[in-house]
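Work through the exercises below with the sequence and the model open. Each task is followed by a worked solution.

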Amino acid sequence: MFNHLSAVHALLRPARLLLASSPRSLTAARRLILGAMEPVAVRCLPGEPKLTISFRLDGTNKQMLRDQDEALGKVLARITNGIAKSQGKAKKSKKNNKGPPRQSPEPAAVKLYYEGQEVSDAVPNSEAWQDGAVLQVGDVKYAIRRNAPTFTAAELPVSLLAEFPVCPNLEIEFGNLQDCEFIWFRENPPNASPEASGEPPHGDGGWTEVGRGRVHVPSNQDIGHRLKLHCIPKDGTRDGPVEELVSAGAVEAGPGVCTFDNRHAYTLKEAEWPAVRVVTYNVLADVYAQTELSKTVLYPYCAPYALQLDYRQNLIKKELAGYNADIVCLQEVDKAVFSDSLTPALDAFGLDGVFRIKEKQHEGLAMFYRRSKFQLLSRHDIVLREALTSDPIHSVLLERVSANSALMGKVLQRATVLQVSVLEDLNKPSRKVCVANTHLYWHPKGGNVRLVQMGVALQHLSHVINENAPGAPLLFCGDFNSSPNSGVFQLLRETAVPLQHEDWRSSGPEESISMELLSAFPPLLSACGQPAYTNYVGGFHGCLDYIFIQPDSMQVEQVIPLPSHQEVTTYEALPSVAHPSDHIALICDLRWNP
């Protein structure tokens, strides 16, 4: 034991001689020495029965799952036995190869030290494996890293385009993504040096450093080269094991000018308080873009590669990032796109998000908000058909719609959802806003169904505000699948739809109904007006998307111009190689009365 203690003391002695002046210096020296050792990663959480011990021994990764209340001695004995077995296999291999006989080595001593003192074999694992302890296996020392920052998921996008941001999909435990360090490298051509490429000689072997930061925008010089990312997980001053990611393919050339590039000139900076920038956008779900109907009938003019999800996600992420928005409402968001693409990308740009999937479908609604400006207080999402039949606040509407069983059946077939979030202004906590997001029934003859859906939505939103945020203004975004001459638009703008409105008869006499529908809100304002179109495909173009506000609480400060007709039709219609969706995003800056 004294020999082991002497070895540890000898290891620490140079640091004591150099930094004996202060306890803080000694701590720094100890971290320096431990950092030079091979790490042992220990994951041990209160309330969990097991802990994991991971390290590398003789070139092999070892991972042990042990009881937290087990005595340390059993773990050390297990490590010793493992070493002995490895030595026995090596001896047997030598014998089979008829090598010279070798004397069996003494089993390596396995001990654990903490602050220079050997830890007793009787101490339970949960107490023994402390951060900063040293595991000694023979002459090799390992630094114990207990609950060190660790990436539990790390992945680069499949498709990389020059001039388009690359955001890794990362999940971290015991750390903070905002504290982590990221170093990007470009693969050098065969038989080429970094100096030959004109880049500074920072890199490792066949790679040249090209950037730092969580988000990297490849340049045209990167075309044809793979990228590598070193991710260093951190939590303040603590760091963990480095994760290295290499792209599956090389950077490819981008499409050139996109429909949103000119719009970004209006959104170079975030809106200044008390203004708030809002975006609504139907991003075209992959489950719809990849159907045979989409490829041959709806979007036959679109290059097949431009309908691929990986390609379109590059464009969508660049487009959304460039708007510097505070609130983003998205429709037709694939579940995997939200979790694996949009969330990591927009998180890197300061946005948090929530998702509501449609029942029995693979796409839904997403709402993102800037975390430096807003706090999410509560969520009140509903499935409109379920709310109509189960919530007493809709009893009057339910009674009237039930009078026509055919219409009622059509309403009950739709899985349309309403996403409702109450946000609080971090600059002025007394300010709250109710953000609603929806995607109403799509069928051209479904005006009556959409009226019923909007009636349910408005009644629910009024109830949410009264119960959870009295006085908060409503911000209502979405793809309403309704033109400015529709009953839905009239209900929102004029607060009432008369019983003779043509939308009540939109799907024929069997599903027609005559009723007056009243809004639970005063007249709302379409913040972006009534554009000629927000949806432009080969066989149709029209205004279907809106951002509605309460004009007594919010005023329109700026509406970001839509792409010109020439830009939209450069490739005939949408989507295209320069635009990722069949819809166009609406963006506006709203001045919110303090």
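**Exercise 1. Locate Thr 438 and describe its surroundings.**

Step 1. Thr 438 belongs to strand 23 (residues 432-439). Helices (H or I, at least four residues) and strands (E, at least two) are DSSP runs, numbered from the N terminus. The model is predicted: local features need pLDDT of at least 70, side-chain atom pairs count only at pLDDT 80 or more, and totals for chains, interfaces and linings use all residues. Residues are numbered from 1 along each chain as its sequence is written, and side-chain values use heavy atoms, with hydrogens and water left out.

Step 2. Thr 438 counts as buried because its relative accessibility is 1%. Buried means under 20% relative accessible area, exposed over 50%, and partly exposed in between (1.4 Å probe, protein chains only).

Step 3. Contact means heavy atoms within 4.5 Å. Leaving aside neighbours within four places in sequence, the contacts of Thr 438 include Gln 331, Leu 365, Thr 416, Phe 476 and Asp 479.

Step 4. Leu 330 lies 108 residues from Thr 438 in sequence, yet the C-alpha to C-alpha distance is 8.7 Å.

**Exercise 2. Find the partners of strand 30 and state how its faces are covered.**

Step 1. Two strands pair if DSSP finds at least two bridges between them. Strand 24 (residues 474-479) and strand 30 run antiparallel and are joined by five bridges; in this pair, Asp 479 stands opposite Asp 545.

Step 2. Strand 27 (residues 525-526) also pairs with strand 30 in the antiparallel sense, over two bridges. Here Ser 526 is opposite Phe 548.

Step 3. In a regular strand the side chains alternate between the two faces of the sheet. On one side of strand 30 are Asp 545, Ile 547 and Ile 549, on the other Tyr 546 and Phe 548, and all are buried. Strand 30 (residues 545-549) thus has five of its five residues buried.

**Exercise 3. Give the strand order of the six-stranded open sheet and the helices that pack on it.**

Step 1. The order is 18-19-17-16-32-31, with mixed pairing. Strand 18 (351-357) and strand 31 (554-559) are the edges, each pairing on one side only. From one strand to the next, the twist averages 25°.

Step 2. Strand 16 (residues 275-282) and strand 32 (residues 586-592) run antiparallel and share six bridges. Val 276 is opposite Leu 590 in strand 32.

Step 3. Helix 9 (residues 309-323) packs on the sheet and touches strand 16, strand 17 (327-334) and strand 32; its direction makes about 160° with that of strand 16. Axes are lines fitted to C-alpha atoms, for helices over the stretch in contact, and angles run from 0 to 180 degrees between N-to-C directions.

Step 4. Helix 10 (residues 335-348) lies across strand 17, strand 18 and strand 19 (363-370), at about 150° to strand 17.

**Exercise 4. Describe the packing of helix 14 on helix 15.**

Step 1. The axes of helix 14 (residues 447-468) and helix 15 (residues 487-494) come within 9 Å and cross at roughly 30°. Helix 14 is therefore roughly parallel to helix 15, since angles under 35 degrees count as roughly parallel, over 145 as roughly antiparallel, 65 to 115 as roughly perpendicular and the rest as oblique.

Step 2. Arg 450, Leu 451, Met 454, Gly 455 and Leu 458 in helix 14 meet Gly 487, Val 488, Leu 491 and Leu 492 in helix 15.
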